[in-house]
Amino acid sequence: MWRMLTSYGVPLLGIALVTWISSAMLAQWGLASAALLFLLPVLLGAARGGLGPGLLAALAGAGAYNFFLLPPYFSFHVHGPDHAVSVLVLVLVALVTSRLATRLREREEEANARAAVSEELAHISRLLAKGSPVEALERARAYVAGIYGALRIDGAQDGFSSLDQAAAAWAMHNGDATGHGTGVMAAAEWTFLPLSPKGRGAHALMALARPADGHTRPMVQIEHMAQVALLLGQGCDRIALDEERRARETLAESDRLRRTFLASLAHDFRTPLTVITGQLEALAQRSPEAGEALSAARRLERTMSDLIAAARIEEGSLSPQAESLDLIDAADAAFGAVAVPAGLSLGHAIPADLPFVRADAVLLHHVLINLIDNALGHAASRVMLGAALQGGRVALWVEDDGPGVPPAERTRIFERFARIEGGDRAKGSGLGLAIVRGFAEAMGMQVSIEDSPLGGARFILRMGA
Amino acid sequence: MNRVLVVDDEPAILRLLGAVLARGGYEAAAAATASAALAALRGGGLSAAILDLGLPDRDGLELIPMLRGAGVPVIVLSAREDVGEKVAALDLGASDYITKPFDGEELLARLRVALRQSGAAVAQEVLAHGPFRIDTARHEASIEGRALTLPPKEFALLQALVEAGGRILTHAALLEKVWGRAHVGDVEYLRVAIRALRLKVEEDPAHPRLIRNEPGIGYRLMEA
């Protein structure tokens, strides 16, 4: 209000001042100089206040000039064409000056706005580069809210007409600014700006409502906001990446804790067992009772290993390291790790020229030990290992001449604590075959049961060569 | 009498190892912590060390280079299932490892191998282990007096195994020795060469008795 008063008031005061001075000095200066003097307040009014104040000053100046300086004095009567020209010149000067001044002011404002936007964008970019995406996002939100009143973030589509939705889809798909104020679907009520650079396909958009005053949003503003939208997109991407990384770290940490727990559990069991078996070993040389206690302790050790293995399968912490393996080595190592009861024989007929397989050496070792132990527990006299190339894959089997596994039991037997009814003299934990299946599947092998030519069961592992 | 340092934080294990070592004719020097082990090392007079990796004051792995640096062969005693840790211990210079619960006789056998190795001269021209003899200067290998014709890689592989004299060599160690550092991950090379070598040295290559594998860890040469 005060601005308006001064922009109109000051030129009017100027006119009054010029009228007073020229009336007093008219005799000395002459009419032409006095008329020039009237240009000053008109220029002042037009340059400072624009068209309105300039025009008012021009009309007031022309009136005062005519009323006080032109004969007939104290009358608005225009005496001759030269006097009419003076009035016209004053009005023209006001028009031209105000127009020029307005344009200059607009340019200046635009340049200032551009500089402010650039500074803001640079600030947001710096925050992003510094690794503070949340701060950058907050800053961008605050900036948008500062211009448009508020920035709402949600996934809702309601409130948009079908044209708006089409414009949004276009912006999303092509990565172009679309809708009101742009060259594409300009009839839409909203301007849609993608949050991802062109060509990448946006996953989110910024939507700006048509200005409330009914004007068309200027292209400059759309360009600025498009840059803000890209920065918002970068901030969102960065935050999503950070979250993903944190989630991975948390997962790795809980995985590590589980492994540590199982490792320490194994350690806590093994240390006392080592002492027990070690001392019993020394005693067993003199006392058969100690020998029995020793084999019981060894069985306990196996059961404990089985429980830990089953826990590892259960919690999914197995991470097989596939390497090239010679099954001759695998059989040899497994034979070295099992105790063959008196009266039974254990051997293998693995061809020495079988292709190498890809498997985790340690897991396969455990699988073989469990299969051999299981077979030794059921065999009448012998357990055999064999292997052959079958259709590009390698089949490795463990078979015995025991009672075999009835077809109806061939799936159930791999479940934990599964036992075949009657005639089972195995004394294991009941976990052995569940571990076989768990470890085999972790390595991408299939395990199945067939009838063995020896008369008992043949457990077959199929694996990649 | 050979003095063997035993490092374990469990007093019962220390007593057990003491009894096993006494049975084998060794004197045991017990240490329950890494710092006690280092103090014993500074005291000198150690022939070998049996080292548990889970120590209260320090990771047992860190002790291996120090013990090796002092010329003390190390057998790692591990309760852990982790093959990676055993391989790391061997690659750091441990002579061998044994997993709890262990067999006393096996421990003594491994200890004998480790002690024999540390006593052997470093650069011998003629190496021997079990039925094998290798003349490095003349590039000749034989088994039970029968000359072997071996291509260079197989010769280098056999030489590495004979030099180790019954100690286990990790896959990576063998690959580096024979094929160079760039090939430490190429286990397939090793499998092929071992199979070829077995054809020439084993009585029944499908049932190897001399060149034995330990799953996920490496190979060792048996005496017979």
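Helices here are DSSP runs of H or I with at least four residues, and strands are E runs of at least two, both numbered from the N terminus. Welcome to chain A, which has twelve helices and ten strands. The model is predicted, so local features need pLDDT of at least 70 and side-chain atom pairs count only at pLDDT 80 or more, while totals for chains, interfaces and linings use all residues. Residues are numbered from 1 along each chain as its sequence is written, and side-chain values use heavy atoms, leaving out hydrogens and water.

**Overall form**
- The C-alpha atoms of chain A fill a box of roughly 150 × 50 × 40 Å along the principal axes.
- Chain A has a radius of gyration of 47 Å, whereas a compact globule of 465 residues would have one near 23 Å (taken over C-alpha atoms; the globule rule is 2.2 Å times the number of residues to the power 0.38).

- Of the 465 residues in chain A, 41% are buried (under 20% relative accessible area; exposed is over 50%, partly exposed in between, with a 1.4 Å probe and protein chains only).

- A:Leu51 lies in helix α4 (residues 51–69) of chain A and is partly exposed, with a relative accessible area of 44%.

Technical notes: Chains lettered and ligands numbered in written order.
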